[in-house]
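Here's a quick briefing to read alongside the model.

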Amino acid sequence: MESKQETNSETAADTPRRSANFYGSVEERLIAQQRRKRARLRFTITALLVGGLISWMASDMLAPDIASANLSAKPAPSNPVLSAELIALAPMQRDYESDALGNGDTLAALLTRARVNPVEADAALDQLRTVYDVRGLKPGQSVRIHREWPAGQDKSTHEGRFAGFDFIPVPEQKVIVRRTDHQSFTAIKRDRLLTDRHFLADSLINSSVYEAARSGGMSPNLVVELIRLFSFTIDFQRDIREGDQLEVLYTRKFDENNQVAQEGDIIFAALTNRGKRYAYWRMPHDDGSHNYFDAKGQSVQRLLMKTPVDGARLSSRFGMRRHPILGYTRLHRGLDFAAPKGTPIYAAGDGVIQRLGTYGNNGKYIRIQHRNGYETAYAHMNSFARRLKKGSRVSQGQIIGTVGRTGLATGPHLHYEVLHYNKPVNPRELNVPPQRNLDAQALTQLSQLKADIAEKVSGLAVSNNSLRSLPRRSSALNP
Ligand SMILES: [Zn+2]
C-alpha cells in the first residue's frame, strides 16, 4: 500500500516537470535528474521498509514465544529523505506483560487494565472478532499484551506503545493480534503442532499412591485419573502396603518450543499390591473413546452403576426440589426411578451390606458400603433378596430386592443414593467408563499394544537407570 502511494505521487509530480525539462536549461535538467534520483532512492527505501515490515510480521507470527525483549528487524537506515510516517514504520523492539481473565471479565477490560488506548483496543478487538469468537474465552485465560518502542532505544525512555496481544485458547491453537501501522491491527489464528512424549513413573510406594505417582513426575490431574483407574479394584485406605510398587507409562504434549502444552494420558498402569499385580492398558476405540483393559481383555469394572434397576424411568432428579408429600423444598439426595412393583434392584457395585431393614420414611431400605468411601442406598423397596443380611457381601449386578412403595412414597419407585464419605453425590455424575469386553480381533490388537508398550517401558527404564543422578522429574525421557 505504502509503496504504491509513493510511486503514484512521484509520477504525478514528475510528469509536468519532465515536459518542462524538454525545453529547459542544463541546470534545470540536472536538478530534475537529482530529483528523480532522490525519488528513486525514496521509493527503494520505502520498498525495503515495507518488505522488512512484512517479513518482521511474518517471522514474528511464526516465531517462538520468547520471554525476553528481542530485536525484531535490522536497524533502520538513517536517511534524511524518510518522512515522519515512514519513521513510524521503523523496526521496533518489543516485550510483553501477562494478565488473566477473571470471573465475568472481558478482553476489553483486560486491555484497559493494561493502559491500552481505548480506540486502539477497539481496533484490535474488531480484528480479533474476524478470526475468533470471544464468547469462547473462559475465566483464567492468560493473555499476553505486547508493547513496542523504536529499536536501539532504551525502553525506560519510552512509554512503549501497544503492539497487540495473543493467547492460547486451547492447547492446539494460538490467536495472535498484531499492530500493522497507525491504529491498524491484524489477527490470525494458527494451529500449534503438539507432540506426545512418553514418561515412565516407576516408584515404590512409601506413604501413598498419590505421593509415589507425583514423585514419578505425574501431574495432580493425572494422578486423580490413576487413582480412579485402580479404585475399581483396590481400596486405597486399607489395601496399600509400604513396598507396593507403581509403574505408569504416561504421555504429555509439548509445543514447538519444547514447553509442556497439555496433559497427556495414562497409557499403561500397573500396581503391585501385596505381591499381586494389577495391570491395565489403555486401548483406543475407533469412535475416539477408550477403555482400560486388563491382560485378559476385560475392561476395568465400573465402580458403581448409575442405574441399578432395569426398565425404569427416571422420575426425579438429584438436587433441590419440593417434596411431593412433605410439601417443602429440600435437597433430593438421590435419583428416583419409577418402575412397576416387583422390578429387581441390583447392587450398584461390589460391597458389604451395612444396613438392611425398615428405616423411617425410607421404608424398606438397604445400604451398601463399597471401596474408597463410596456407599449406595436403596429405599421404598417392596422386598429384600433372600439370605441377605447386614454384613453380607454382594457383587455388582447381584439382585438385592425389588421395587415397592414402602415408607413415604407416592407410588412404586426406587430411591437411589450414592454417598462419598457420607456426602450425597449425583449418581449421574459418577465419572466412570462404560464396561466393555473385547472380541477376538480386539484381543489380538490388545496383545500387539501390550508388546509395544512393554518395549517402550523397558526402553525408558534403561534410560532412567543411566540418568539416576538427575532429579526425579528429569528422569522422564523421550521414547
Ligand atoms: Zn427419592
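**Helix α7 and its surroundings**

In α7, the buried residues are Leu-222, Val-223, Leu-226, Leu-229 and Phe-230. Looking down the axis of α7, those buried residues fall within an arc of 115°, so they line one face of the helix. Keep in mind that this is a predicted model, with a mean pLDDT of 78 for the protein.

*More on α7*

- An α-helix has 3.6 residues a turn, so residues three or four places apart point the same way.
- Turn to the face of α7 that looks away from its buried side and you'll find the exposed residues Pro-220 and Asn-221.
- What do the buried residues of α7 pack against? Their partners are α6 (209-215) plus the strands β8 (245-254), β9 (260-273), β10 (276-284) and β11 (290-293).

*Strand β22 and its partners*

- Strand β22 covers residues 413-420 and is mostly covered itself, with 6 of its 8 residues buried.
- β22 pairs with strand β15 (residues 335-338) in the antiparallel sense, over 4 bridges. To find this pairing on screen, look for Ala-338 opposite His-413 of β22.
- Strand β19 (residues 374-384) also runs antiparallel to β22, and 6 bridges join the two. Here, Ala-379 has His-415 in β22 as its bridge partner.
- Strand β23 (residues 423-425) is another antiparallel partner of β22, joined to it by 3 bridges. Val-418 stands opposite Val-425 of β23.
- How many residues lie between β22 and β23 in their hairpin? There are 2, and Tyr-421 in that turn has a positive phi of about 50°.

- Across the protein, 74% of residues reach a pLDDT of 70 or more.
- Which elements have the lowest and the highest mean pLDDT? Strand β1 (residues 70-71) has the lowest, at 36, while strand β18 (residues 364-369) has the highest, at 97.
- Over residues 54-83, pLDDT stays under 50, and the model has 39 contacts beyond four places in sequence for this stretch.
- Residues 465-479 also stay under 50 in pLDDT, and for them the model has 15 contacts beyond four places in sequence.

Note on methods. Residues numbered from 1 in each chain as written. Predicted model: local features only at pLDDT ≥ 70, side-chain atom pairs only at ≥ 80, totals over all residues. Buried ≥ 20, exposed ≤ 12 C-beta atoms within 10 Å, placed from the backbone. Arc of directions from axis to C-beta. Contact = placed C-beta atoms within 7 Å. Pairing = 2+ DSSP bridges. pLDDT = per-residue confidence, 0-100.
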